[in-house]
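Reader: Please walk me through how the labels for this model are assigned. I would like to see each value set against its cut-off.

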Amino acid sequence: SPEVTSVSLCPVKKDENSRRGNWGNQIEFVLTSVGYAVGLGNVWRFPYLCYRNGGGAFMLPYFIMLVFCGIPLFFLELSFGQFASLGCLGVWKISPMFKGVGYGMMVVSTYIGIYYNVVICIAFYYFFQSMTNLLPWTYCNNPWNTPDCSGVVGTGHQLNGSLANATTSLVAGVTEVVNRTKRTSPSEEYWKHYVLNISDDIGNFGEVRLPILGCLAISWFVVFLCLIRGVKSSGKVVYFTATFPYVVLTILFIRGITLDGAINGIKYYLTPQWQKVLDAKVWGDAASQIFYSLGCAWGGLITMASYNKFHNNCFRDSIIISITNCATSVYAGFVIFSILGFMAHHLNVPVSEVADHGPGLAFVAYPEALTLLPISPLWSLLFFFMLILLGLGTQFCLLETLVTAIVDEIGTDWIIRNKTIVTLSVAIAGFLLGVPLTTRAGIYWLLLMDNYAASFSLVIISCIMCICIMYIYGHRNYFKDVEMMLGFPPPLFFKVCWRFISPVIISFILIFTVIQYKPITYNDYVYPGWSLAIGFAMALSSVVCIPVYALYKISRSPGATFRERLKNACRSHPKWGPALQEHRTGRYAPMASEDTVEARPLKEKEELKEEQKEEEKEKERKDEISLTIQGSNGSTNTHNNPNPSA
């Protein structure tokens, strides 16, 4: 038909249907994926989990989960997006009934994008506050401090004092700290009473913290500028954003291991407590850290891979990026534990009593340690600049995931030409939705979203994705797709992991999350029941997309019985496969009689034959009416055509 012919032959339409090769080169994709996977969680979440679970005892389950779950799922999502050249919604042509999984990914990316940029804006705020001769959280003589404040650096310490006076003041400060039964650090009070000016309840929003709001606007503006031309612009930015954090980590590592007491922190980090290896919680934490740090089921991996060339070796990329992510976490652990060992040495307390979790490690414990370093404003600038770059690397991909999904789903000529407007609209919406998180109760809502919006929902989404590809679409079909794309089939290890091991591990994480569930708290504050209900609603809002869309698709599918409708809803869409006609070979090649028909999988050939027969019959009828009129003597008179053979 003319419509089908235009799809397969029109070069403009072909370009719209494929985003192949939009990366300047493959290094840009690898760096962007590294920036996406390596985020703020690698800096504080991994070291905290090591600290909480017995140091080196956490390493064994961590590496096991990386090998059997993290790398296979990473490769699965990269190959999935690269094969179809579509975002997290378009790829579900593989089995349209499961498109709700893509919508669930979009919802998760929306939640994470909202609160993740708030964390980045706080890093911006600390970065700006570090542009001074004296860090504002060094002493306890500020208007926001309380009588319980006791700093590591004594209040009598002066910048222009002699080294002897500084040492005496430091010892006095440490002695005062040890003698106190309850100590509140200057950095903690600066965080709570000045930066956040935290309220007493999650429902008591109070006023908007204007400095934080301004930094949030800056953060979103930077993200938009870096994505103004899609991956063509972000691919250039990541040369800096993905590599500079390693420079900062190396500088801090070299400085950290030269501090007094640093070796004690590193020993605590590497020395295993073997009795904890048999603790199920340790294995659950290791699995969740691998799962969340790699960014699986967020939709970002599928989106970034969709911009690859069709024959790119995404298997190699998945190995490189996953191992880089893991190595970064371990490296960041050395950096942080050397600083924590230094703090413990000066406070004369065990290392286990120094560390905090959540944002506290990044915005309380570490800033306090920075005050103990020579030229502390310089180290503070470098550290928070590193946090900003780590956060932006992930935020780029989150925003691009949403924009790509919207453009793919609507797909009109106008929205494709004006993708920048879509990017700006999403950025403005994200900024407005993040405003409540800049109020005095913002930290409560940020932690609520972090604990519920992207927790067990990610596990469910990833598990259903594995089941759909391996058992609904068929593992043999997918293995052939990967072989057609890469030139070699997936290794046996990955085949086994995709079909059996990874789904079992994912199910384990889900079951463990449910069994070990405890209501969220923030220090001594216990969240009220209505806020927990909102948290569960956010978590279910992404998961509920899957059954709702499945029921919708079944109801709209052809068939006399429910079984027929279900079968048709699960069947791959005729347009599933490589985006470019030149790559639609093998199972996706056109049949001999299909010179102008778009290539489709073999399972659709029967339907195609029936359609072609109907078209041929219709064509014959039109020819009889418009071309020839049968005379009464059996002769044929041509109509408007003097040549009968025409």
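**Labels and their cut-offs**

Author: Let's start with His475, which touches Ile469, Met470 and Arg499 when residues up to four places away in sequence are not counted; touching, or contact, means heavy atoms within 4.5 Å. This is a predicted model, where local features need pLDDT of at least 70 and side-chain atom pairs count only at pLDDT 80 or more, while totals for chains, interfaces and linings use all residues. Residues are numbered from 1 along each chain as its sequence is written, and side-chain values use heavy atoms, with hydrogens and water left out.

Reader: Why is His475 called buried?

Author: Its relative accessibility is 14%, so His475 counts as buried: that label needs under 20% relative accessible area, exposed needs over 50%, and partly exposed lies in between (1.4 Å probe, protein chains only). The residue is found in helix α21, residues 456–486.

Reader: What makes the pair His475 and Arg499 a polar contact?

Author: Their side chains are joined at 3.5 Å. The pair qualifies because a polar contact is a pair of N or O atoms within 3.5 Å; within protein, one must be able to donate a hydrogen and the other to accept it, and residues adjacent in sequence count only if both atoms are side-chain atoms.

Reader: How do you know that Arg587 and Asp481 form a salt bridge?

Author: The two side chains meet at 2.6 Å, N to O.

Reader: Are Arg316 and Asp317 buried or partly exposed?

Author: Arg316, at 39% relative accessibility, counts as partly exposed, whereas Asp317 has a relative accessible area of 1% and is therefore buried.

Reader: Why are α4 and α13 called roughly antiparallel?

Author: Helix α4 (residues 40–52) and helix α13 (residues 280–293) pack at about 170°, with axes 11 Å apart. Angles over 145 degrees count as roughly antiparallel, under 35 as roughly parallel, 65 to 115 as roughly perpendicular and the rest as oblique, so α4 and α13 are roughly antiparallel. The contact is made by Gly41, Asn42, Arg45, Phe46, Leu49 and Arg52 of α4, and by Lys281, Asp285, Ser288, Gln289, Tyr292 and Ser293 of α13.

Reader: What makes up the whole protein in helices and strands?

Author: There are 26 helices and four strands, taken as DSSP runs (H or I, at least four residues; E, at least two) numbered from the N terminus. Buried residues make up 55% of the 646 residues.

Key
Axes fitted to C-alpha atoms, helices over the stretch in contact; angles between N-to-C directions. Salt bridge = Lys/Arg side-chain N within 4 Å of Asp/Glu carboxyl O.
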